[in-house]
Amino acid sequence: MAYKPITELAHLLRTRQVSSVELTRMYLDRVERFDGELRSYVTVTAELALGQAAKADEAFARGEAVGPLAGIPLAHKDEFYTKDILTTCGSSILSVFVPDFDATPIARFHEAGAVMLGKLNMTEFASPVTWVFPYGQPRNPWNREHDAGGSSTGSGIAVAAALCAGSLAEDTGGSIRRPASNNGAVGIRPTLGRVSTHGMIASSWYQDTAGPIARSVADCALLLEAVAGFDANDLMSARLPVPSYSSWLDGDIRGMRVAVIKEAIDAPHLDPRIRQLALDAIGVLRSLGAEVEEVSLPLITLSGLINNALSAPRAALQWTHLNETPELYDVGVRRNVLLPALLPAVSHNRALQLRSQLRAQTLAALERFDVTVAPAYAQFPPRIADTKSEPATKEASIEQMRKYGFHTPANYSGAPAMSVPMGFSEDGLPIGLHVMAKRFDETSIFRIAHAYEQATPWHTMRPPYGDEG
């Protein structure tokens with residue numbers, strides 16, 4: 001039951017084959033049994049969750065009209081304000097911070113009837129790395145010695161290990177797609193402005209997006225429908241109607257134009273096993289009737305370096321904490337936040353130029369095709385022990401940044417993008433297929449990703465830890 005998709009759980013709840021209280025207790029029991037090792041949660045809100053579940057069951061019993069997520073147990077990244085509930089953003093600096101209102105996406109999940117199981121672990125202040133996690137070291141349920149990705153680390157873990165049915169996460173530079181890829185889940189970064197970020201602790205004011213991580217493409221569609229739309233409290237949110245993404249999931253992608261990013265597939269730093277999985281995925285899309293061509297994004301090979309060079313907004317947003325309580329930061333996070341702020345102005349401006357060129361290349365490619373595809377990342381999830389220090393040399397540092405660059409074009413173009421499971425290494429570590437589309441065309445991503453998902457077995461596989469029952 002814990003691994004069933006939200007779409008099926010919603011049907012079981014509406015037909016009263018299962019109660020929300022039963023589902024909620026089941027997930028809370030799994031959190032108690034397995035999360036001591038996985039450390040995906042910062043705060044478990046059992047009392048609140050059971051109260052919300054009971055209200056949902058009462059509404060079902062009375063035959064009342066209910067929201068699309070009524071009774072569904074979710075958990076959310078600890079970057080979003082939650083009224084009267086601890087919100088840490090993964091940092092000991094905010095260890096006693098309790099907001100007095102809900103972030104807009106959280107409020108919309110409440111309005112849709114969802115149950116909130118708790119708040120999920122993350123890298124400190126959504127940094128790309130954290131060496132020592134204040135709320136416990138998160139672990140990948142496929143192999144607990146390997147990294148679960150970030151910054152929405154707990155969201156990826158909890159969804160994959162069935163410690164919740166789905167999650168609200170956040171993506172600045174890949175923070176939804178990387179944990180989705182690392183944990184064998186589905187995660188979508190919506191178009192910049194599609195979902196309100198009001199009440200979300202900021203990392204970069206021109207890149208931050210909120211979006212879901214779930215165990216299926218259809219579940220992501222349902223969750224995004226619930227939270228997307230204009231918010232008067234967020235002037236960057238778009239005044240556009242929200243499509244019914246779910247209604248497009250018919251598996252028919254005949255005639256859709258798919259572009260394979262040449263520089264990603266041919267990248268010398270791409271693990272050859274991942275390259276073969278990507279070629280297999282492209283073959284599946286062809287067999288389903290998609291029209292596949294290559295497209296060139298020359299600057300994608302430098303995109304990881306550009307992204308790191310332009311991370312100064314983190315320092316600006318955290319300037320007070322950096323000055324008043326620098327000793328409370330994780331050392332790796334403090335270095336990561338401060339170094340981009342120390343770049344010479346000429347280097348920063350050169351990076352801005354390259355960002356503009358990368359954005360132009362991306363938008364031009366998207367204009368010609370329905371979607372682009374590439375491997376989500378150039379390597380499988382690394383060992384946790386290998387993420388706890390700076391690379392030994394400049395060359396090693398550059399190589400590391402290159403490995404996390406395939407997803408970056410979406411960050412700078414504002415385009416929507418998704419990671420959907422694409423396969424596994426021989427030792428059982430997952431990797432995702434990265435699908436990107438024009439701005440505000442999440443529908444094309446959902447169509448392609450759902451058709452691919454249903455034609456492959458990857459979404460049916462469960463991580464070994466937590467699969468005991």
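How many of the eight residues of α5 are buried? Eight of the eight are, so this helix is largely enclosed by the rest of the structure. Buried here means under 20% relative accessible area, exposed means over 50%, and partly exposed is in between, with a 1.4 Å probe and protein chains only. Before you click around: this is a predicted model, where local features need pLDDT of at least 70, side-chain atom pairs count only at pLDDT 80 or more, and totals for chains, interfaces and linings use all residues. Residues are numbered from 1 along each chain as its sequence is written, and side-chain values use heavy atoms, leaving out hydrogens and water.

**Stop 1: Ser 152 and α5**

Select Ser 152, in the loop between β3 (115-120) and α5 (153-160). (Helices are DSSP runs of H or I with at least four residues, strands are runs of E with at least two, and both are numbered from the N terminus.) Ser 152 is buried, with a relative accessible area of 0%. Now show what it touches: Lys 77, Ala 169, Glu 170, Ser 175, Ile 176, Pro 179 and Ile 213, not counting residues up to four places away in sequence. Contact means heavy atoms within 4.5 Å.

Next, colour α5, where the buried residues include Thr 153, Ile 157 and Val 159.

**Stop 2: Thr 88**

Jump to Thr 88, in the loop between β2 (73-77) and α4 (104-111). Is Thr 88 buried or exposed? Thr 88 is buried, at 0% relative accessible area. Leaving aside neighbours within four places in sequence, Thr 88 is in contact with Val 42, Asp 78, Leu 94 and Tyr 135. Draw a line between the C-alpha atoms of Thr 88 and Asp 78: they are separated by 6.0 Å, though 10 residues apart along the chain.

**Stop 3: the rings**

Show Phe, Tyr and Trp. Rings pair if their centres lie within 6.5 Å (for Trp, the six-membered ring is used); planes under 30 degrees apart count as stacked, over 60 as edge-to-face and the rest as tilted. By this rule there are eight aromatic pairs. In one of them, the rings of Tyr 81 and Phe 101 have centres 5.1 Å apart and planes at 50°, so the pair is tilted. Both residues lie in the loop between β2 and α4, so the pair ties together parts that are 20 residues apart in sequence. Phe 101 is partly exposed, at 29%.
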